[in-house]
Amino acid sequence: MTGEQVYVSHAPGNLELVQDLFSTVKNFPFGVHIALEEIESGRSRKRLEGRLANSDLVVAVLTEDAAGNTWINQEVGYAVAKGIPVLPVRDDGVSCRGFISDVEGVTIDRGDLSVTIFNLLCRLRSELAPLGALSVPNWYIRFPCTIPDCDQPVTLELEQGQTKLWKLHDHGKHLTASCAVCESTYYFDPATIGFTGRKDGVAAQSSRSRS
């Protein structure tokens, strides 16, 4: 699971919602291209066709604000024509129409976005790494250690399936990843894979006391 490309089609008024939904998803080693972010960075709507054409999955965020949005309709139609899978992420009560009317999507829980992010990750793991019902796609995030003067790469391996991750979240447990050099430990929410805290290791504390 590296190098895959995900294109997110959405209405302009939903940019903040989309950024919240994909804030932790963007930490995984695949590309996430959010339409309005691409435009704000100087890429024209016409040039977004390249992003679409090279995508492994298109996520269509469907809300009341997005109803009848011309760009979403065109981008979904383009993806379908090119044989690119489309995943609808929709508000409760908003129906999927046209080419994706029979596609099972993810319902947005406005009261608890962590549930939505969890379900989104479930579908992304299924769509981008379909290894079979009995297999667990090995996903990970990698980041530099944030201890001053350390900056060593730290990797959080996701070897658990989504059901196990939700049980850990439900019981208030955390996922952990440690720096091999300074021994600091990082904590993550199992449902969203969001960062929740850091505990400095012995080596990091010793270095700080000497300085």
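At 33% relative accessibility, E127 is partly exposed (buried means under 20% relative accessible area, exposed over 50%, partly exposed in between, with a 1.4 Å probe and protein chains only). This is a predicted model in which local features need pLDDT of at least 70 and side-chain atom pairs count only at pLDDT 80 or more, while totals for chains, interfaces and linings use all residues. Residues are numbered from 1 along each chain as its sequence is written, and side-chain values use heavy atoms, leaving out hydrogens and water.

**Exercise 1.** Find which residue forms a salt bridge with R123.

*Solution.* Start with the criterion: a side-chain nitrogen of Lys or Arg within 4 Å of a carboxyl oxygen of Asp or Glu. R123 meets it with E127, the closest N and O atoms being 3.4 Å apart. (Helices are DSSP runs of H or I, at least four residues, and strands runs of E, at least two, numbered from the N terminus.)

**Exercise 2.** Work out where D91 and R110 lie.

*Solution.* First, D91 and R110 form a salt bridge at 2.8 Å between the closest N and O atoms. D91 belongs to strand 4 and R110 to the loop between strand 5 and helix 5, so the pair ties together parts 19 residues apart in sequence. Finally, D91 is buried, at 11% relative accessible area.

**Exercise 3.** Give the strand order of the open sheet of three strands.

*Solution.* The order is 8-9-10, with antiparallel pairing; strands pair if DSSP finds at least two bridges between them. Strand 8 and strand 10 are the edges, each pairing on one side only.
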